[in-house]
Amino acid sequence: MSKRIWLIVALLVVVALVIGACAPAPAPAAAKKKVGLVTDVGGVNDKSFNQSAWDGTQKAAKEFGWDAKFIESKQPTDYEKNIDQFATEKYDAIVTVGFLMGDATAAKAKQYPGIKFGIVDYGYFPAKAGDPDPYVELKNVTSLLFQEDEVGFLAGVVAGGLSKSGTVCSVSGMEIPPVVRFVVGYQNGAKYIKPAVKTLNTYIPSFTDPAKGKEVGQSMLSQGCDVVFGVGGNTGNGGLLAFKEKGLPAIGVDVDQYNTYPEVKDALATSAQKNVDTAVYLFLKTVSDGSVKAGILTANLKNGGIGLAPYHDWDAKVPADVKAKVKEATDALISGKLTTGYKP
Amino acid sequence: MSSTTTTPTRTHYRAVILKMLDALSMPLVAILFAFALGAVIITITSGSLSAALVAYVGLIEGAFIKTRGMSESLVAAIPYVFASLAVAFGFKAGLFNVGVEGQFYIGAVTAAAVGAAFSDLPAIIHLPLVIAAAALGGAVWGAIPGFLKAKTGAHEVINTIMMNYVAYRLVEYLVSNVLRDRVSSAVQTIRVAPSAELWSMASVPDRLADPLNALFVALLIALAAFFFARTLAKTARISASLNTPRSARLFTVGIALASGVLSFLLLPPLTRALWIWTDKFDRLHIGLFLALAAAVFMYWLLNKTTIGFELRTVGANPSAAQYAGINIGRSIVLAMSVSGALAGIAGATEVLGVSTCRCLPLFFSAGYGFDSIAIALLARGDALGILPASFLFGALRNGADLMELRSGVSKHVISLIQALVLLFVAAPAIVRYLTRQKVKPAEVAEAPLTRGWGR
């Protein structure tokens, strides 16, 4: 009874083999350089770091005439495999996104010393004082880090300018260096525009606790704060929500949260943005002109790697003199006449 | 040997082979049709036939040929084997365990916890302990819906799905609070002790240099040899020459002892001298052997033991089973526990063998539990059929990346092909129609894999 079925199997196999044999051989290794992006589990359309990194990669590839491809990671155990995929395909540069991929990137960078790696928002630091600098070993890894205190400072200028009560506050995630930089910059920025301003801040040891963030936000409201800066993933988002419900202005973080967190967009005056696309572009530019260095590439106001997001709905509500102050502070920070007051 | 005895054996083997080919023909045709239709869809969406060709060449190269391609396919297949055995085990008892994903998570977190809890145990104790703990965790998670079904009749599909969400959130809580590695900036559990890791293939010679590890492997081999010899002793030709129970026992124990001692003495130097896995970046780990053993174990449990017979009877016809005096409630709880245990081990293999940090990170979104339902269906719930079916899905999952890189065809096409394979397997009538195969009336009324609402 199964003769006919086997005949069909055989036929299909023959067809498959013939097609396989006729298939064009993989394109001969062109002189074109190749850059690959490995996203974390968020995927390339996450409206956040991954997407922004892909934008930067594409921009650089277009400008320098490279080939650009991305691989989305389905799960954390895929990171190494996906980096390996680009490496075995002889890619020249590989960009990885986010601190979740720190271990995988380091392991693969050691395995493939000839490939340039850039990792977004993750720095390799000595585990304890006295340990050697990890970049001595990771000769081909560039960490794309952001100078959060500068953009935090500008957010503080906006917050101080908008505050009527004279108290501004921040709902923060874990007390780790990037968060602290945001907060210190923010507080000093507020004082820059309004020297008598009172600042409140609470660090919540989590990035994924919007309920706690909202609770802290409400307690800050009761202490007279009328502008909030949410610095800490979902925890910070809880703080934004608390202020949105009272119709008070809020400032987002990392990306333009007007797009990524539309529930609070009415309240969002601006966001303290890390321009991942610019940082990736800057990294790939150094790869292109051969000036690439292992270690840290800092994205700051000067090179456009950070900046305030557009005011969107608040464009008319932010007074012109506040905007002028933001401009003034930006110029002063870039020229070095002004410092954010953050000391590591 | 006289010709009178060989002739029946030969026809017997021929019959067996023909039967196997017959059983294989339907899935193979389904796979080929799925790929053919997939090619048509790629051609339509991308506008050129060559895109489909480049895509499939990339898929095959990525899955089998490129550096570490084959290994990565196997790495992906290992959790698939355990997870789909879990689903298939449920099928056999008439239960549809949709909670494999949740049990997978519970197994993963249990393995991460127990693996990190002890730092100075030898692998010979630690590794079995971790695997057993993961199995227990998964078993408990599976037993709860089983118990609810046995006691209250609550349908297991609903309850296992709900248990999935409880598992996700529970694991999220445990990873980000109780078990969290406070040193790392990423949210993940503490790295498991080296003694709890599933050895990577490349590290096997080094691991065997430790006599305790060599003893561990020798014991396992002796155990396997014991069961093999016991089966062998029952075959006609050999049992004829072993005429007393005592000699049969001697034969079995002798073979087990001999292979144990031999492997203890010979394996360390042999693996040192000739070991094909020398690429230390190869991620293939010894979970592969564990997966093979699990499939054989399940085949044995279902087909050669009283428990297996009872479970299959409950699955085929609960009323008849009850009439025959089988405790249905007990069978349901047991089936769900074993199913959950297998799923739990799947989670453990990922944490102990694959995860870069040998720990459980947050957002450990795997999807293995759901794919495994498809694999179990493709293999028609057959324990040994699950091995090739899992390998196919592992290869597709792995090859998809290179396919996308080379051709620009989205790797989601792979999900499409998997769905088409399933469609053709689940609806044999389509394949029969396409191949103009005559339908025997008896085959139309095939027994359903699971039972619907009620008993």
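**A tour of chains B and A**

In this predicted model, begin with helix H10 of chain B, which contributes 8 residues, the largest share of a nonpolar patch. To display the whole patch, select Leu212(B), Leu215(B), Leu219(B), Val253(B), Leu257(B), Val261(B), Leu262(B), Phe264(B), Leu265(B), Leu266(B), Leu270(B) and Leu274(B). These residues lie on the surface and together have about 1,100 Å² of accessible area. Next, colour helix H8 (211-234) and helix H10 (245-273) of chain B, each of which supplies at least two residues of the patch.

Now centre the view on Leu270(B), a patch member located in helix H10 of chain B. Is Leu270(B) buried or exposed, or does it fall in between? Its relative accessibility is 42%, so Leu270(B) counts as partly exposed, a class that lies between under 20% for buried and over 50% for exposed.

Remain in chain B and select helix H2 (residues 49-65) together with helix H16 (residues 386-407). The two helices pack with their axes 6 Å apart, at an angle of about 125 degrees. H2(B) is therefore oblique to H16(B). The crossing of H2(B) and H16(B) is right-handed.

Finally, move to chain A and select helix H6 (residues 148-162), in which Leu162(A) lies. Leu162(A) has 10% relative accessibility and therefore counts as buried.

Key
Residues numbered from 1 in each chain as written. Chains lettered and ligands numbered in written order. Predicted model: local features only at pLDDT ≥ 70, side-chain atom pairs only at ≥ 80, totals over all residues. Heavy atoms only, no water. Patch = residues over 30% accessible without salt bridge, like charges linked within 9 Å, V, L, I, M, F, W, Y side chains within 5 Å. Areas by Shrake-Rupley, 256 points an atom, 1.4 Å probe, with all protein chains shown as cover. Salt bridge = Lys/Arg side-chain N within 4 Å of Asp/Glu carboxyl O. Helix = DSSP H or I, 4+ residues; strand = E, 2+ residues; numbered from the N terminus. Buried < 20%, exposed > 50% of the residue type's maximum accessible area, 1.4 Å probe, protein only. Axes fitted to C-alpha atoms, helices over the stretch in contact; angles between N-to-C directions. Parallel < 35°, antiparallel > 145°, perpendicular 65-115°, else oblique. Left-handed = near helix turned anticlockwise from the far one by under 90°.
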